[in-house]
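Please read these notes with the model open beside you. They are written for someone deciding which parts to look at in detail.

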Amino acid sequence: MGTHLCCDSFRSLNGPGSLEEQDSRNLGQTLILLLDYHQDPLTLRSLFHDPGIGSVIVTCSDAPNLGRIASLINQLQHFAREARHDRPLTVGLRQEGALYDFLGLGQTRYPSPLSLAAGHSTESVCQVGSAIGKELASIGVNWIFTPTLDLLSDITEPLSASQTFGSNTLAATEYAIALIQGLAAEGVSACSNAHPTGAVFEIFRSQEDSEFVDDVKEHSDSPEFLPIASVIARYPRNSMQFGAAIHDFPNPEQSAQSIRSACELILRNKCGYRGPTVSSLAETPEDASVCPKHAPLLTFLSGLDMLRLPEDPEARDASISVLKAAMASNVLPISTVSAAAARVASFKAQFLSWERELNRQPPELPLTTVPDPLAQRAFRASTTAISPTPSPLLNLAPNAMLALLTPQVHRRHPNSPSDPFEPLGQALSRSFPRTRHVSYNLAEGLTATHLPFLQRAAAVVFVLCNQSSAFIESQDEFVAALRNAMRARDTMPVPQRPRKIVIAAGDPRDLRDAFEGWWAVCCYEFSKGALEAAAEVVLGERQATGRVPA
């Protein structure tokens, strides 16, 4: 037996397979090449000729400058043009968990979707989309994997919460459409993300029941599908990431069948979707029953149209050979690939042309050297005061000692600051020079390092930012320990009691348990703009206007 189940199922697909040139070209247009920034593009030149790869995602979080990225993309487009592609390549950047989180490249940092939703303005969301689109288009990027159409719910991972527009179905739909409109105005196509795994799984399970059709209708009319249907109604030919991860099902065949059923019965038949569905997995999990070599084939067989190839060169070339062999032996019908390629071509025709690509002006670098007023306004609009009373720091003496406790968080990429909460400490220090900034680690809990500050500080600003459901219990334990450490001071006469402020710099659900006696603020993320906007509210310099996205 092979190492994975798929290796046994597709044992016969070992040869490269012989295909007509047009069939090979059709296959190429459905494939997405993952290109590391440091990789020499000349080594990939032949792939744009055979099989004629039509889309590229560039990893560039540690790239030195935007000019180099623009030059790289221009070179890739040159390869496509010399290979006589009908349309330019669709080019995206690999994103690290946020709407537009390419730190260190010199471009503006805009609020996350959840922050934008807290600002409760579709006009602002559209303006931010347009600003993002303008910056991306200037370096040749014409494809972005946003917005997320999944709703914020009890099962949403804390790290993924900022990707949503909240839990209100109608509001989330309006914000998603506004963002897409803003991007489209600058020639950048949005690839929406939708992963209603629970409903897809239930649809799959119901296929053996006599009431299968009714079950499909019930799930397709559920709130989690409303944003999907609404976006499709406005943009029926846009690309979309849709499906459940392969490892969410007992075996790859079940996953493929489930996603195919959902795509055909809901997206295409019920919603009228005409665009290409895109593979959402950059790589197959190590514990899955699918190997990287066969993952693209299974993705195709599941009903998706655009496939991310493995990043490892050997696995990538093996995947292409397997796909060609599957087409040659009719395991993967040529008609299926042709239909997918036609949807890709229709999608590209909306916003890509060689005339537009050749007339694109090079970027004026650096793109941003000062804070962007639009981004500042958006961050300020999102800051939410949970407590109705004025900030407890308003009448605190400037020479008072303030203790700032911030969590140690995972760095998303090399150019991320070592301590992303430093801007908050700096902002507070301008009003309270005796601010003492102390970090904490959930794994270590409250330690002897923290206690002296908690015992002497006239005010304590405690920042919550849980990034994983696996740490919820640890966070609860830390909060309990913090409260216990301050309990003795809470019984002192009112003038001597410490002022207590808690900031949720991420998932607003961190504040779902009441912090009795604490003044609460939510800023939804720990970017510099969000923290500086939160500091203004905490210091009483302005009133918060944001609302927690319902």
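The points below run from the whole chain to single residues.

1. Basis. This is a predicted model, in which local features need pLDDT of at least 70 and side-chain atom pairs count only at pLDDT 80 or more, while totals for chains, interfaces and linings use all residues. Residues are numbered from 1 along each chain as its sequence is written, and side-chain values use heavy atoms, with hydrogens and water left out.

2. Confidence. The predictor's confidence in each residue, pLDDT, runs from 0 to 100. Its mean over the chain is 83, and 79% of the residues reach 70 or more. Over residues 282–287 pLDDT stays under 50. For that stretch the model has 8 contacts (heavy atoms within 4.5 Å) beyond four places in sequence. Where pLDDT is low, the predicted coordinates should not be read in detail.

3. Overall make-up. The chain has 20 helices and 15 strands. These are DSSP runs numbered from the N terminus: H or I over at least four residues for helices, E over at least two for strands. Of the 550 residues, 54% count as buried; buried means under 20% relative accessible area, exposed over 50%, and partly exposed in between, with a 1.4 Å probe and protein chains only. Among contacts with a separation of 6 or more, 78% are between residues 24 or more positions apart.

4. Helix α16. Which residues of α16 (residues 373–382) are buried? They are Leu374, Ala375, Ala378, Phe379 and Ser382. Seen down the axis of α16, these residues fall within an arc of 130°, so they line one face of the helix; the arc is that of the directions from the helix axis to the C-beta atoms. Their cover includes α4 (113–118), α5 (122–138), β10 (384–385), β15 (519–522) and α20 (528–538). At the N-terminal end, α16 is capped by Asp372, which has a side-chain oxygen 3.1 Å from the backbone nitrogen of Leu374.

5. Helices α5 and α7. Helix α5 also packs against α7 (residues 169–184), at an angle of about 35° and with the axes 7 Å apart. Axes are lines fitted to C-alpha atoms over the stretch in contact, and angles run from 0 to 180 degrees between N-to-C directions. The contact involves residues including Val125, Cys126, Gly129 and Ile132 of α5, and Tyr175, Ala178, Leu179 and Leu183 of α7.

6. Cis peptide bonds. Asp50 and Pro51 are joined by a cis peptide bond with omega of about 10°. Pro51 sits in the loop between β1 (31–36) and β2 (55–59). The bond from Thr146 to Pro147 is also cis, with omega near 5°, and Pro147 is in the loop between β4 (143–144) and α6 (158–161).

7. Positive phi. Arg84 is not a glycine, yet its phi is positive at about 65°. This residue is in the loop between α3 (66–82) and β3 (90–93), and is exposed at 71% relative accessibility. Asn330, likewise not a glycine, has a positive phi of about 70°. Asn330 is in the loop between α13 (313–328) and α14 (334–349) and is exposed, with a relative accessible area of 53%.

8. Gln29. Leaving aside neighbours within four places in sequence, Gln29 is in contact with Gly52, Ile53, Gly54, His85, Val344 and Lys348. The C-alpha atoms of Gln29 and Val337 are separated by 9.4 Å, although the two are 308 residues apart along the chain.

Methods
Polar contact = N/O pair within 3.5 Å; in protein donor to acceptor, adjacent residues only side chain to side chain.
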